[in-house]
Amino acid sequence: MKIFGIMSDERAFRSKSPEIHNYVFKKANIDAVYVPFCVHELQIENAINGIKGLGIIGVNVTVPYKQTVLPYLDIQSDEVREIGAVNTILNKNGKLYGYNTDASGLMDVFKGKKIPIKNCTALVFGTGGASRAVLYALKKSGAQTIFIAGRSRKKTIKLADQMSVKGLMINEVNIADLKPDVVINTTSVSAPEESQELSEYINTMQVDKVSQVIDINYGRIYNIWKNLANRMDAEFLDGRSMLASQASRSFYIWAGKQIHVDKYMEPLL
Ligand code: ATR
């Protein structure tokens, strides 16, 4: 039996990844198990060494450790180096390889859902780790103009500089002026109870026609980004598509076996 898992703090127990990977293992008759690893921040190095020591084939890494684990990897993919974050570790021949399937997973979503990113104008909300993966995916997929909107001026300017995109403050965003084709939320806020302030801003923002809104979060009963999509007559996708795509990509890295993203989507529907 092969062992896989997800490394995080106590959030490991709330991750959907064990559910979707174990569902696929069962459906595809794969002799494997995927477990949550709740790791204290002072135990990161031991935990990473444990991957090698215990012969675990691969793990996903999620918030808050996507950057913390970087120094302990033997080899980092180009994406990991550019994004500065890892979400997939492969243990092969005694070496640990780091990949980022958040970005490649989103690129698969663009392709799979036929979202025309090439030459588009994109507006990305949020300046955290997820934002970096989204900006990378947009650039790789050929977006022409990319704006990022953050609440901290310092963080926004720094990220805009690093990723060579245009930065602005959330309260300066005017969709009618920017004319984005695609809007992507990477902040942790998708419902009014998570931030009254951001929700009110998004819900009352002047809008224009936009073709696609994507929220990297999911599971909200009322979603402010979905509401924005409705107001702009845009298509809407929540974070489940990205989660399913990154899971499929991660398994391909670990096992060299391609399992269709729809299989990963099934337990999320
Ligand atoms: P991740 O690394 O997964 O992106 P994160 O670092 O917690 O997670 O980032 C979440 C993003 O949501 C950040 O850009 C955060 O803004 P700050 O960097 O200024 O903290 C953003 N965010 C969280 N709550 C927000 C709010 N109420 N309004 C606007 N942005 C918010």
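A polar contact is taken here as a pair of N or O atoms within 3.5 Å; within protein, one atom must be able to donate a hydrogen and the other to accept it, and residues adjacent in sequence count only if both atoms are side-chain atoms. The model is predicted, so that local features need pLDDT of at least 70 and side-chain atom pairs count only at pLDDT 80 or more, whereas totals for chains, interfaces and linings use all residues. Residues are numbered from 1 along each chain as its sequence is written, and side-chain values use heavy atoms, with hydrogens and water left out.

The protein chain is assigned domain 1 (2–99 + 241–268) and domain 2 (104–238), the bounds coming from an automatic or database domain assignment. A distance of 26 Å separates the C-alpha centres of domain 1 and domain 2. To the contact (heavy atoms within 4.5 Å), domain 1 contributes 11 residues and domain 2 contributes 16 residues. About 1200 Å² is buried between domain 1 and domain 2, with 63% of this area on carbon and sulfur atoms. Buried area denotes the accessible area (1.4 Å probe) that two parts lose on being put together, summed over both.

Between domain 1 and domain 2 there are 2 residue pairs in polar contact, both residues at pLDDT 80 or more. The count of salt bridges between the two domains is 1, a salt bridge being a side-chain nitrogen of Lys or Arg within 4 Å of a carboxyl oxygen of Asp or Glu. R249 and D108 form a salt bridge in which the closest N and O atoms are 2.8 Å apart. On the side of domain 1 that touches domain 2, the elements giving two or more residues are α3 (78–83) and α10 (240–255). Of these, α10 gives the most, with 6 residues. Helices (H or I, at least four residues) and strands (E, at least two) are DSSP runs numbered from the N terminus. The residues on this side of domain 1 comprise 3 nonpolar, 4 polar and 4 charged. In this division Ala, Val, Leu, Ile, Met, Phe, Trp, Tyr, Cys and Pro count as nonpolar, Asp, Glu, Lys and Arg as charged, and the others, Gly among them, as polar.

Around the ligand there are 14 residues, of which T127, G129, A130, R151 and K155 come nearest; a residue is counted if one of its heavy atoms lies within 4 Å of the molecule. An N or O atom in the side chain of K155 is 2.5 Å from an oxygen atom of the ligand. For the side chain of R151, the corresponding distance from an N or O atom to a ligand oxygen atom is 2.9 Å. G128 places a backbone N or O atom 3.2 Å from an oxygen atom of the ligand.

The loop between β3 (58–61) and β4 (75–76) contains K66, and P64 also has its place between β3 and β4. The peptide bond from V63 to P64 is cis, with omega near 10°. The side chain of K66 makes a polar contact of 2.7 Å with the side chain of D102. Neighbours within four places in sequence aside, K66 is in contact with V61, A85, V86, N87 and D102.

Positive phi values at non-glycine positions include that of K179, about 50°, in the loop between α7 (175–178) and β10 (182–185). D233, likewise not a glycine, has a positive phi of about 60° and is found in the loop between α9 (224–231) and β12 (235–237).
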